[in-house]
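Reader: I have a model on my screen and want to learn how to read it. Can we take the features one by one?

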Amino acid sequence: MRSIRRGDTGVAVSEIRSILVGLELLAETDPDVFDDALEDAVRAFQQSRGLGIDGMVGDETWGALDAARWRLGSRTLFHSVPDALVGEDVRTLQERLLEMGFDTGRTDSIYGARTARAVAQFQREVGLVPDGSCGPQTMKALRRLGRKVVGGRPQWLREAEAFRQSGPNLVGKTIVIDPGHGGGDDTGVVVPDGPLRWNEADLVFDLASRLEGRLSAAGMRVHLTRGPSPAAPMSGSERAALANSLGADLLISLHLDGHSSGSAEGVATYHYGTGNGLSSTVGERLANLVQREIVVRTGMHDCRTHAKTWDLLRLTRMPTVRVDLGYLTSPVDRERLIDPMFREQIVEAILAAVQRMYFPVERDVPTGSIDVRQLRMALAEKG
Ligand SMILES: [Zn+2]
């Protein structure tokens, strides 16, 4: 089309004018005339969009103006292929997400894969289905958050935010390993095996000690909640208080399970959550990583991850998971758990999960595929 320029009149001019007024580049004046003020506004608009600045509205500038019409919330945004959605609403969304610490890349007004991924991350953190599209539900969450962000970050993003800011490196992070039970009569699950008696408290302490060595070697500060034979049992709230006082970045609690049926077997991981949407998102991510790494590396039966409100999960101020590493009452699981080589495999899996927690999402690798040394080198490279 012919460029619309100074001196022109008509519907197209009033259309351009109304878009520029909406963008606050122009005060409302004579609606139908392309005057000097309108030309200035067009130049300002062209400059802000990186277009050629000629003060006239040709095809390119018109396309940009058309996209600029969209107000965030007036349509559902999604990653459309091959033609991505473009518009002012996308730009506004990208700016909001960036302000909140989500990586959308450039604020280029284009709803591409990276923006969709940032939206999915936001959705996950506010307990929505992480589908990467921005519809009414996500808009509602953004609006709610928009108000809260003024007076400081909302509580449910704080944990995730603190975690993100702590950087992609294990070195210097504090992790608390909590071997379950121990102390007095609290031995956890006990299973007689011929002349032997296997008990949960001793086996998880062995696992915790191995893990302590591996995590320390990776540069983390590691604390155990108890020694091999503490004088008195410790409650979940006491363990949580200890981890809080240490200012830990992560807590992993180790248990074994038991059941009256010998056929119950497998590994399960627990994170804080009420089961109806309210969940520690970082805890849930850690739980998923721990669970998947163990299942893939050991082939143990997958009893999945679950949200629980147990004291240890609820009272800790850092992402916390509890993993039940198989059933001591299962002949299959027990046979493996009493083998130190198998316990090393579990330790390797948990180490890989912790490493992946601090590995940028976009550089994450398939479960079970991490050679921990390679990962450490990649992280060191990254600085
Ligand atoms: Zn236990």
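Reader: How do I read the packing of helix 1 and helix 3, and at what angle do they pack?

Author: Two packed helices are described by the angle between their axes and the distance between the axes. Here helix 1 (residues 11-22) and helix 3 (residues 59-68) pack at about 55 degrees, with axes 10 Å apart. That makes helix 1 oblique to helix 3. Angles under 35 degrees count as roughly parallel, over 145 as roughly antiparallel, 65 to 115 as roughly perpendicular, and the rest as oblique. Axes are lines fitted to C-alpha atoms, for helices over the stretch in contact, and angles run from 0 to 180 degrees between N-to-C directions. Helices (H or I, at least four residues) and strands (E, at least two) are DSSP runs, numbered from the N terminus.

Reader: What should I know about the source of these values?

Author: This is a predicted model, where local features need pLDDT of at least 70, side-chain atom pairs count only at pLDDT 80 or more, and totals for chains, interfaces and linings use all residues. Residues are numbered from 1 along each chain as its sequence is written, and side-chain values use heavy atoms, with hydrogens and water left out.

Reader: Which hand does the crossing of helix 1 and helix 3 have, and which residues meet there?

Author: The crossing is left-handed. That term applies if the near helix is turned anticlockwise from the far one by less than a right angle; clockwise is right-handed. Glu 15, Ile 16, Ile 19 and Leu 20 of helix 1 meet Trp 62, Leu 65 and Ala 68 of helix 3. Contact means heavy atoms within 4.5 Å. By class, the residues of this contact are six nonpolar, no polar and one charged. Ala, Val, Leu, Ile, Met, Phe, Trp, Tyr, Cys and Pro count as nonpolar, Asp, Glu, Lys and Arg as charged, and the others, Gly among them, as polar.

Reader: How does helix 1 pack with helix 2?

Author: Helix 1 and helix 2 pack at about 60 degrees, with axes 11 Å apart. That makes helix 1 oblique to helix 2. Helix 1 passes helix 2 in a left-handed crossing. Val 13, Ile 16, Arg 17 and Leu 20 in helix 1 meet Leu 38, Ala 41, Val 42 and Phe 45 in helix 2. This contact has seven nonpolar, no polar and one charged residues.

Reader: Is the crossing of helix 8 and helix 13 left-handed or right-handed?

Author: Helix 8 passes helix 13 in a right-handed crossing. Their angle is about 50 degrees and their axes are 9 Å apart. The two helices are therefore oblique to each other. Residues in this contact include Leu 207, Arg 210 and Leu 211 in helix 8, and Glu 344, Val 347 and Leu 351 in helix 13. The contact divides into 10 nonpolar, no polar and six charged residues.

Reader: How many residues are in the largest nonpolar core?

Author: In soluble globular proteins, nonpolar side chains tend to be buried together. The largest nonpolar core here has 44 residues. A nonpolar core is a set of buried Ala, Val, Leu, Ile, Met, Phe, Trp, Tyr and Cys residues joined through side-chain atoms within 4.5 Å. Ile 177, Ile 252, Leu 254 and Val 354 have the most contacts inside this core. Elements that each supply at least two residues include strand 1 (174-179), strand 5 (250-257) and helix 13 (340-357). Helix 13 gives the most, with nine residues.

Reader: What does Ile 252 touch?

Author: Leaving out residues up to four places away in sequence, Ile 252 touches Ile 175, Val 176, Ile 177, Asp 178, Leu 286, Val 321, Val 323, Ile 350 and Val 354.

Reader: Is Tyr 358 buried or exposed?

Author: Tyr 358 is buried, with a relative accessible area of 3%. Buried means under 20% relative accessible area, exposed over 50%, and partly exposed in between (1.4 Å probe, protein chains only). Tyr 358 lies in the loop between helix 13 and helix 14 (372-382). Its C-alpha is 5.9 Å from that of Asn 169, 189 residues apart along the chain.

Reader: Which backbone values deserve a look?

Author: Most residues other than glycine have a negative phi, and most peptide bonds are trans. Glu 24 has a positive phi, near 65 degrees. Glu 24 is in the loop between helix 1 and helix 2 (36-48), and counts as exposed at 72% relative accessibility. Arg 304 has a positive phi of about 65 degrees. Arg 304 sits in strand 7 (residues 302-308) and is exposed at 53%. The peptide bond from Val 81 to Pro 82 is cis, with omega near 0 degrees.
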